[in-house]
Amino acid sequence: MDKVRTRFAPSPTGFMHIGNLRTGLYAYLFAKKNGGDFVLRIEDTDQARYVDGAVQVIYNTLKTAGIDYDEGPDKDKGFGPYIQSERKSLYLKYAMELVERGGAYYCFCDKERLDSLADSNGVRKYDKHCLRLSKAEIEDRLKSGQSYVIRQNIPAEGEGSYVDMVYGKVTVPYHDMEDCILIKSDGMPTYNFANVVDDHLMQISHVIRGNEYLSSTPQYNLLYDSFGWERPTYMHLAPIMKDETRKLSKRYGDANFEDFIQKGYLPEAIVNYIALLGWCPKDNREKMTMSEMIEAFDVDGISISSSIFDEVKMKWLNGEYIKELSDEKFYELSLPYFKKGISSKYDYRKIAPLLKTRVDILSDVEHKTDFLAQFGEYDKNIFITKRMPDLAIANASVSAALIALKNLDDWSVDSIRDCLSACAEAHGIKNGHMVSNVRVAITGTEVTPGGAFEMADILGKEETIKRLEFSKSLLEK
RNA sequence: GGCCCCAUGGUCAAGAGGUUAAGACAUCGCCCUUUCACGGCGGUAACGGGAGUUCAAUUCUCCCUGGGGUCACCA
């Protein structure tokens with residue numbers, strides 16, 4: 001086999017959504033697995049849809065996702081330019097060659113005529129009207145400056161088929177294809193054409209893309225054939241869905257990479273998760289580094305059916321990644337999510353290590369530390385758990401702890417522990433009940449970033465006493 | 001509507017004619033922990049329907065149903 005070369009060819013039309021990224025990831029994994037090159041190409045032939053800054057989004061996303069391209073707009077290895085709008089003259093040249101070879105033809109039909117071709121379902125198919133034009137007539141029209149497009153000339157009979165790496169054999173009758181436009185009236189190529197010309201010129205060996213192209217691929221193969229070019233191997237990927245019936249789209253706001261990063265997902269976790277959405281390694285591993293994925297990547301494991309994006313599972317995976325972070329790293333990454341208003345009052349260095357095993361995504365830090373700034377009326381039934389079944393015990397614990405802690409001068413996790421322990425014993429309260437009750441009493445919440453000692457230590461003596469007093473009266477109500 | 005493609009628990013998914021039909025997330029329960037969480041153990045839960053082929057179909061074929069894609073001077 002010739003050298004494996006894959007490409008990722010996004011359009012700069014805004015954010016990069018997860019499905020799109022996954023396509024790029026698979027193309028990258030496949031190339032790397034096979035010792036090949038991964039090429040980035042920007043498909044910006046539709047000027048109307050171009051979004052400012054979107055190219056930068058593509059660069060940034062790939063970079064933070066850890067997907068390094070071997071070639072791209074800023075890494076020309078001799079196949080450039082890698083931005084389609086900069087290749088404009090090239091396409092026209094090839095289109096004219098194709099006209100010479102009979103694989104395409106000039107078309108001068110206007111919108112009205114095209115619209116009149118629509119059938120009762122509103123579906124229209126071009127009738128090859130301009131294919132009948134004589135060479136002289138075409139020359140004349142061209143000379144007079146009449147607006148034109150170049151269309152692909154599809155055979156009326158027969159069918160086109162190819163073997164897809166994941167779908168197997170796909171066959172489409174030529175009759176069902178249209179003589180689609182290759183060069184638009186603005187001189188720019190359509191995707192249908194640019195794609196083929198570029199993939200050939202860039203010596204792409206394996207075309208990896210979404211399965212929306214599954215049935216138009218025979219049409220592209222016709223182009224390769226007309227030019228006498230070797231067809232690439234195709235790998236089409238099933239879409240990632242938002243739910244059973246809707247595909248993940250840019251409209252689904254949370255589906256883009258940037259948003260997930262902002263919510264506090266680790267890039268490695270996102271990449272790991274989306275890799276698993278549609279691919280399963282032979283040994284069924286779930287948590288993998290990029291190099292492990294490259295090593296394990298295998299076409300056999302690619303799903304042929306679509307999969308639904310499940311943020312709950314991605315959250316879990318992210319939590320696994322977070323637990324592996326060093327305390328220092330976690331501190332750095334999560335600090336931005338620690339509310340500024342309370343950061344001056346409480347030491348986040350003390351809180352962060354406690355939080356590490358308790359958050360799935362970094363932004364969880366925000367609400368998990370809410371109790372620091374907010375404390376007030378709460379439902380006293382939260383004292384009750386399976387191990388602490390009685391409010392009277394809560395009441396007793398809080399009253400006793402209040403007195404004991406008031407007299408505690410050396411305020412540290414250890415001294416608070418000892419103090420509470422002695423207090424429990426003195427009052428005949430189980431140690432577990434005591435700490436459980438104190439923990440709830442000083443935080444007002446069921447789930448906290450740590451145990452009673454840590455919470456009291458972080459809150460400080462003054463605040464702890466204040467809260468115990470509040471909870472005491474709440475319990476006495 | 002034509003054409004192309006798909007169909008295993010709620011979700012991601014192994015399995016490729018004979019399996020007690022894996023595993024993960026979620027969910028539920030138990031245990032651990034001087035406390036919630038973390039962690040450990042376990043439970044509930046699936047082959048869309050109908051015909052064939054076969055000694056035997058979740059697995060192969062066909063039909064139906066359901067879903068997706070495509071039919072643009074968008075990619």
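## Helix 12 and its buried face

In this predicted model, helix 12 spans residues 327-334 and contains the buried residues F330, Y331 and S334. Buried means under 20% relative accessible area, exposed over 50%, and partly exposed in between, using a 1.4 Å probe and protein chains only. Helices are DSSP runs of H or I with at least four residues, strands are runs of E with at least two, and both are numbered from the N terminus. The buried residues of helix 12 fall within an arc of 105° when seen down the helix axis, so they line one face of the helix. The arc is that of the directions from the helix axis to the C-beta atoms.

The cover over these buried residues includes helix 11, helix 14 (348-355) and helix 15 (364-368). Contact here means heavy atoms within 4.5 Å.

## Basis of the description

Residues are numbered from 1 along each chain as its sequence is written, while chains are lettered from A and ligands numbered from 1 in the order in which they are written. Local features need pLDDT of at least 70, side-chain atom pairs count only at pLDDT 80 or more, and totals for chains, interfaces and linings use all residues, with side-chain values based on heavy atoms and with hydrogens and water left out.

## Domains

Chain A is divided into domain 1 (257-323) and domain 2 (375-476). These bounds come from an automatic or database domain assignment. The C-alpha centres of domain 1 and domain 2 are 42 Å apart.

Individual atom pairs involve several parts of the RNA. An N or O atom in the side chain of D46 is 3.0 Å from a sugar or linking oxygen of RNA strand B. The elements that give two or more residues to the surface near RNA strand B are strand 6 (168-173), helix 6 (191-201), strand 11 (307-308), helix 11 (311-324), helix 19 and helix 20 (452-459).

## Selected helical residues

H433 lies in helix 19, which covers residues 431-443. H433 is buried, with a relative accessible area of 11%. Not counting residues up to four places away in sequence, H433 touches R387, M388, P389, I393 and S397.

N192 belongs to helix 6. With the same exclusion of sequence neighbours up to four places away, N192 touches C180, I181, Y220 and L223. The C-alpha atoms of N192 and L223 are 9.4 Å apart in space, and the two residues are 31 apart in sequence. What joins the side chains of N192 and Y220? The link is a polar contact of 3.0 Å. A polar contact is a pair of N or O atoms within 3.5 Å; within protein, one must be able to donate a hydrogen and the other to accept it, and residues adjacent in sequence count only if both atoms are side-chain atoms.

T23, in helix 1 (residues 18-33), is buried at a relative accessible area of 13%. Beyond its neighbours within four places in sequence, T23 is in contact with I208, R209, G210 and L237. I465 is placed in helix 21 (residues 461-476) and counts as buried at 10% relative accessibility. Leaving aside neighbours within four places, I465 contacts L402, L405 and K406.

## Backbone features in loops

The peptide bond from G80 to P81 is cis, with omega near -10°. P81 is in the loop between helix 2 (54-65) and helix 3 (88-100).

K128 has a positive phi, near 60°, and is not a glycine; K128 is found in the loop between helix 4 (111-116) and helix 5 (135-143). N284, also not a glycine, has a positive phi of about 65°. N284 lies in the loop between helix 9 (267-276) and helix 10 (290-296). Is N284 buried or exposed? N284 is exposed, with a relative accessible area of 53%.
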